[in-house]
Amino acid sequence: MPTPGVVTAIKLCVNAYTKENDAIIINKPVYYPFDFSIELNHRKIIENEMVYKDGSYEMVYKDGSYEMDYDAFEKAIVENDVKMFILCNPYNPIGKVWKEDELKQIGEICKKHHVLVIVDEIHEDFVYGEHVHIPFYNVDESYKEFSVILTAPSKTFNLAGLQTSNIIIADEKLRKAYQETMNRYGVNEPNFLGIIACMTAYNECELWVDEMLEYVYDNFTYFDEFLKENLPHIHLVKPEGLYLCWVDFRECGLNKDELEKTMLEKAGLWLDEGYIFGTGGEGFERFNLAIPRSVLEDACQRLLKAFGK
């Protein structure tokens, strides 16, 4: 189902599959439009905070840093009569790429308790090293009966302005309900140029994607090495996916307002502050590393000036 964008699709799903005051669960910290999509449609947010894996920063660099507490997740679903779960994979902003066994645990819990799963897979092309993006549908054939997949060319190919996303709905009843909601809100006419761009990107631009991913990951490596050498009290959470970088500034000893002020006024960098991603985000900053190396090098020197000891 072509839709103007993934955030639009999330809001359409909220309206198509839940009623006012229904409970919808999301992980935290997470991409903040998830919150808006729920709150603006008068549904109730249930938070399931991700667990920061290990206090050792050596472990963070080695293995990534976030896991889901599945017992807490299931308990929250049962206690709040949750109707929907919005899952992010790869996970914005923390860079996690969910493994098959993790997706299986999520799927079985949601299947057991009749929770509809909306999966934002918009960053699916951004995975690194041994990590592999696994579409939720590919984990178990039965998951198609209670899930919707949200994809778009907008991140990989920087085509957001053409307002084209691809919403994949295998189940006929779910697809019909989504289409009726699109018609009701008048967002059922796709951008013609966006469709042509989408087809061209996916059919003819694979080599460019490979080169782009290599460049972005080299930026992660450069940034990681710079922090370790020059600002060891600031820690990059090594990414499994995304072109966005989640960075831990908590050892700087600043509260969220002080950190934001320092970043703006001393470093001259305007970032997405960690606290806007909700519970567990305070003390972190999200960087965009899909940039020329020269811009990253300049940003690193600004950080050194502002946070160097």
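Q: Why is Glu47 counted as partly exposed?
A: In this predicted model, Glu47 has a relative accessibility of 39%, and since partly exposed covers the values between the 20% limit for buried and the 50% limit for exposed, Glu47 counts as partly exposed. The residue has its place in strand 3 (residues 44–49).

Q: What makes the approach of Glu47 to Thr279 a polar contact?
A: The side chain of Glu47 and the side chain of Thr279 are 2.6 Å apart at this contact, and the cut-off for a pair of N or O atoms, one able to donate a hydrogen and the other to accept it, is 3.5 Å, so the pair qualifies as a polar contact. Along the chain Glu47 and Thr279 are 232 residues apart, while their C-alpha atoms are separated by 8.2 Å. Leaving out residues up to four places away in sequence, Glu47 touches Ile26, Lys28 and Thr279.

Q: Why is Lys28 counted as buried?
A: The relative accessibility of Lys28 is 3%, and buried means under 20%, so Lys28 counts as buried. Lys28 lies in strand 2 (residues 23–28), and, once its neighbours within four places in sequence are left aside, it is in contact with Asp35, Glu47, Asn48, Glu49, Met50, Tyr91, Phe277, Gly278 and Thr279.

Q: What makes the pair of Phe157 and Tyr202 edge-to-face?
A: The two ring centres are 5.6 Å apart and the planes stand at 90°; because ring centres pair within 6.5 Å and planes over 60 degrees apart count as edge-to-face, the pair of Phe157 and Tyr202 is edge-to-face. This pair links distant parts of the chain, with Phe157 in helix 6 (residues 154–157) and Tyr202 in helix 8 (residues 192–204), 45 residues apart. The structure holds 21 aromatic pairs, and ring pairs also link Tyr31, Tyr32, Phe34, Phe36, Tyr52, Tyr66, Trp246, Phe277 and Phe284 into a cluster.

Q: How do you know that the charged end of Lys96 sits over the ring of Trp98?
A: The charged end of Lys96 is 5.0 Å from the centre of the Trp98 ring, and the distance part of the criterion asks for NZ of Lys within 6 Å of the ring centre, alongside a limit of 35 degrees from the ring normal. Lys256 lies over the face of Tyr275 in turn, at 4.5 Å from the ring centre.

Q: How do you know that the buried residues of helix 5 are on the same side of it?
A: The buried residues of helix 5 are Glu102, Leu103, Ile106, Gly107, Ile109 and Cys110. They cover an arc of only 165° around the axis, which puts them on the same side of helix 5. These buried residues pack against helix 4 (70–80), strand 6 (82–88) and strand 7 (116–120). Just after helix 5, His114 takes a positive phi of about 60°.

Q: What puts the buried residues of helix 10 on the same side?
A: In helix 10 (residues 256–266), Leu259, Thr262 and Met263 are buried. They cover an arc of only 95° around the axis, and therefore lie on the same side of helix 10. What covers them includes strand 12 (272–273), strand 13 (284–288) and helix 11 (293–307). At the start of helix 10, a side-chain oxygen of Asn255 reaches to within 3.0 Å of the backbone nitrogen of Asp257.

Key
Residues are numbered from 1 along each chain as its sequence is written. This is a predicted model: local features need pLDDT of at least 70, side-chain atom pairs count only at pLDDT 80 or more; totals for chains, interfaces and linings use all residues. Side-chain values use heavy atoms; hydrogens and water are left out. Buried means under 20% relative accessible area, exposed over 50%, partly exposed in between (1.4 Å probe, protein chains only). Helices (H or I, at least four residues) and strands (E, at least two) are DSSP runs, numbered from the N terminus. The arc is that of the directions from the helix axis to the C-beta atoms. Contact means heavy atoms within 4.5 Å. Rings of Phe, Tyr and Trp (its six-membered ring) pair if their centres lie within 6.5 Å; planes under 30 degrees apart count as stacked, over 60 as edge-to-face and the rest as tilted.
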